[in-house]
Amino acid sequence: MNIVVLVKQVPDTYGERTLREDGRIDRERGTPALDEIDERALEVALRLRETAGGEVTVLTMGPPEAVVALRKALAMGADRAVHVCDEALAGSDALQTAAVLAAAVRATAAPGAATFDLVVAGNESTDGRTAAVPAMLAERLGLPQLTFLGSVAVDAGIVTGLRITPEGTTELCAALPAVISVTEGSAQPRFPNFKGIMSARSKPLTTLTLADLADHGLVEAEAGGANSWSLVCTVTARPARAGGTVISDDGTGGSRIAAFLDAANLI
């Protein structure tokens, strides 16, 4: 199988995040890191490769420093990496990001392969939180999409997965090639070992610009923040943390706690 995994460098999930005056995340203040959900997506891909063979390519769109996230993904076990890097992409929204990634996916077929078999992504990035890019990507590629999967398996050219929601569990399947997105429950990512870290230095890492993607369906004039389909108009500061809910047990404490947890979709 030839698998493409979408990854993203984001401000550290556990660090303090701030917004700039234009409503965008201030990436210079936070410590950059490979998005945790993308590590899980990569782990899913690596396990599929271990079962079926093939290659895993990690793909990101980001500034020059995003290469650090790609190097970590290579150290975890990916075979090669592709970095879409162009100043003209700064400020791109989700629609533009999907367009760029679709063109890049078309351009990243493994050597000797006609195309890819599977595109794997996290269900949503921890900075943008749109949860829409995988679906937009599938639409642009003209492929079936299986999103928000808690488990994934591939057999005889069919990818299957379980989508778990508060309303229940749904089993989904589609013929390859396909696009899938996974949740935090999909896989526990492995830690890069010393051998993986050393080998990552010699693995192929290709950098693509907008010009390189022009022959793969991308319109350069539509890229970048100045041409975004969506804009942040206003920003409201997060309210101060409020006090918790206190439930005094007057004989109904158990049922009230259960109702509180149910309303929060915790049970």
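Leaving aside its neighbours within four places in sequence, which residues is Thr97 in contact with? Thr97 is in contact with Met61 and Ser92, where contact means heavy atoms within 4.5 Å. Please keep in mind that this is a predicted model, in which local features need pLDDT of at least 70, side-chain atom pairs count only at pLDDT 80 or more, and totals for chains, interfaces and linings use all residues. Residues are numbered from 1 along each chain as its sequence is written, and side-chain values use heavy atoms, with hydrogens and water left out.

- Thr97 has its place in helix 3; helices (H or I, at least four residues) and strands (E, at least two) are DSSP runs, numbered from the N terminus.
- With a relative accessible area of 17%, Thr97 is buried, a term that means under 20% relative accessible area with a 1.4 Å probe and protein chains only.
- Val4 belongs to strand 1 and is buried too, with a relative accessible area of 2%.
- Beyond its neighbours within four places in sequence, Val4 is in contact with residues including Thr57, Leu59, Val105 and Phe116.

**Helix 4**
- Val133, Pro134, Leu137, Ala138 and Leu141 are the buried residues of helix 4 (residues 133-141).
- Seen down the helix axis, they fall within an arc of 135°, so they line one face of helix 4; the arc is that of the directions from the axis to the C-beta atoms.
- These buried residues pack against strand 1 (2-6), helix 3 (94-107), strand 6 (118-122), strand 7 (145-155) and strand 10 (178-182).
- After helix 4 comes Gly142, with a positive phi near 70°.

**Nonpolar cores**
- A nonpolar core is a set of buried Ala, Val, Leu, Ile, Met, Phe, Trp, Tyr and Cys residues joined through side-chain atoms within 4.5 Å.
- The largest such core has 33 residues, and Ile3, Val5, Leu42, Val58 and Leu118 have the most contacts inside it.
- Among the elements that give two or more residues to this core are strand 1, helix 1 (36-52) and strand 4 (55-61).
- A second, separate core of 29 residues includes Ala94, Ala138, Val179 and Leu218.
- Not counting residues up to four places away in sequence, Val5 touches Ala41, Leu42 and Ala45, among others.

Technical notes:
Buried < 20%, exposed > 50% of the residue type's maximum accessible area, 1.4 Å probe, protein only.
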